[in-house]
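Have the sequence and the structure open while you read.

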Amino acid sequence: FNKSGIFVERTLALIKPDAVNKAIDIETVILNQGFTILQKRRVILTAEQCSDFYSEHYGKKFFPSLVAFMTSAPLVAMVLAKENAIQQWRELIGPTNSDVAKETNPDSIRALFGTNEQKNAVHGSDSAVSAEREIRFFFPNCIVEPIPVGQPAKDY
Ligand code: RTP
Ligand code: MG
């Protein structure tokens with residue numbers, strides 16, 4: 001909730017291993033676009049954790065290579081807040097393939113900081129259900145749901 005008591009949507013952003021050395025520049029873009037960074041941590045995923053995070057892609061041809069890439073070095077996980085944050089963040093990052101992004105969305109983060117269809121600099125939750133799951137995955141103590149007015153926040 002913001003100062004006016006209006007719910008502000010949250011989403012999960014990852015700066016992937018290929019772009020962690022450009023994290024300060026990416027965070028500058030994020031803040032300039034009006035997002036608030038509510039939480040941030042640096043994390044090295046195990047193969048098991050990464051397979052769990054990307055379980056929707058299990059069995060696809062690129063899955064083993066995706067897990068190898070995402071576990072190869074630290075990444076930066078962040079909870080971003082903004083009105084309509086999930087869609088706004090997906091629009092700001094651009095298409096999955098950075099080569100495509102450079103052609104079609106040259107101002108997007110994947111165009112500016114990514115390399116190809118795998119090394120694409122950042123991740124963004126693709127729906128409200130994904131955002132809740134993914135925020136909990138990296139920040140188990142983070143409040144994701146609104147706390148009803150007048151009720152104690154006992155479970156947090
Ligand atoms: P993300 O989940 O990381 O935000 O990316 P996305 O929704 O735009 O794309 P998704 O289809 O969920 O794919 C997840 C990540 O897998 C890698 N990938 N490699 N053909 C390939 O080699 C291929 N396709 C996808 C990318 O790192 C992609 O972001
Ligand atoms: Mg995805």
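## A pairing to start from

Let's begin in the sheet: Thr 11 has Leu 80 of strand 3 as its bridge partner. Keep in mind as you look around that this is a predicted model.

Strand 1 covers residues 10-15, strand 3 covers residues 75-81, and six bridges hold the two together in an antiparallel arrangement. Further along, Ala 13 sits opposite Met 78 of strand 3, and Leu 14 has Ala 77 as its bridge partner there.

## The whole sheet

Now zoom out. The protein has seven helices and four strands, and going along the sequence they come in the pattern β-α-β-α-α-β-α-α-α-β-α. The four strands make an open, antiparallel sheet, ordered 2-3-1-4. At the edges are strand 2 (36-43) and strand 4 (122-124), each of which pairs on one side only. From one strand to the next, the twist averages 20°.

As background, strands of a sheet pair through backbone hydrogen bonds, in either a parallel or an antiparallel way.

Which residues of strand 1 are buried on each side? Arg 10, Leu 12 and Leu 14 are buried on one side, and Thr 11, Ala 13 and Ile 15 on the other, so both faces are covered. In a regular strand, side chains alternate between the two faces of the sheet. With six of its six residues buried, strand 1 is largely enclosed by the rest of the structure.

Strand 3 is also largely enclosed by the rest of the structure, because five of its seven residues are buried. Helix 7 (residues 128-138) lies across strand 1, strand 2 and strand 3, and runs at about 55° to strand 1.

## The nonpolar core

The largest nonpolar core counts 28 residues, and Leu 12, Leu 80 and Val 122 have the most contacts inside it. Strand 1, strand 3 and helix 7 each give at least two residues to this core, as do helix 1 (23-32), helix 3 (63-70), helix 4 (85-93) and helix 6 (109-113).

Leaving out neighbours within four places in sequence, Val 122 is in contact with Ala 13, Leu 14, Ile 15, Lys 16, Ala 19, Ile 26, Ile 93, Ile 109 and Arg 110. For the protein as a whole, 29% of the 156 residues are buried. Among contacts with a separation of 6 or more, 65% are between residues 24 or more positions apart.

Two residues have a positive phi without being glycine. One is Asn 84, with a phi of about 60°, in the loop between strand 3 and helix 4. The other is Ala 121, whose phi is near 75°, in the loop between helix 6 and strand 4.

Are these two buried or exposed? Ala 121 has 26 C-beta neighbours inside 10 Å, so Ala 121 counts as buried.

## Around Ser 51

Ser 51 belongs to helix 2 (residues 47-53). It has 18 other C-beta atoms within 10 Å, so Ser 51 counts as partly exposed. Not counting residues up to four places away in sequence, Ser 51 touches Tyr 58 and Val 67. From Ser 51 to Leu 75 there are 24 residues in sequence and 15 Å in space, C-alpha to C-alpha.

## The ligand shell

Which residues are around ligand 1? They are His 57, Phe 62, Leu 66, Thr 96, Glu 117, Gln 118, Asn 120, His 123, Gly 124 and Asp 126. By type, this shell around ligand 1 splits into two nonpolar, six polar and two charged residues.

Note on methods. Residues are numbered from 1 along each chain as its sequence is written. Chains are lettered from A and ligands numbered from 1 in the order in which they are written. This is a predicted model: local features need pLDDT of at least 70, side-chain atom pairs count only at pLDDT 80 or more; totals for chains, interfaces and linings use all residues. Two strands pair if DSSP finds at least two bridges between them. Axes are lines fitted to C-alpha atoms, for helices over the stretch in contact, and angles run from 0 to 180 degrees between N-to-C directions. Two residues are in contact if their C-beta atoms, placed from the backbone, lie within 7 Å. A residue is near a molecule or strand if its C-beta atom, placed from the backbone, lies within 6 Å of it. Ala, Val, Leu, Ile, Met, Phe, Trp, Tyr, Cys and Pro count as nonpolar, Asp, Glu, Lys and Arg as charged, and the others, Gly among them, as polar. A nonpolar core is a set of buried Ala, Val, Leu, Ile, Met, Phe, Trp, Tyr and Cys residues joined through C-beta atoms within 7 Å. A residue is buried if 20 or more other C-beta atoms lie within 10 Å of its own, exposed if 12 or fewer, and partly exposed in between; C-beta atoms are placed from the backbone.
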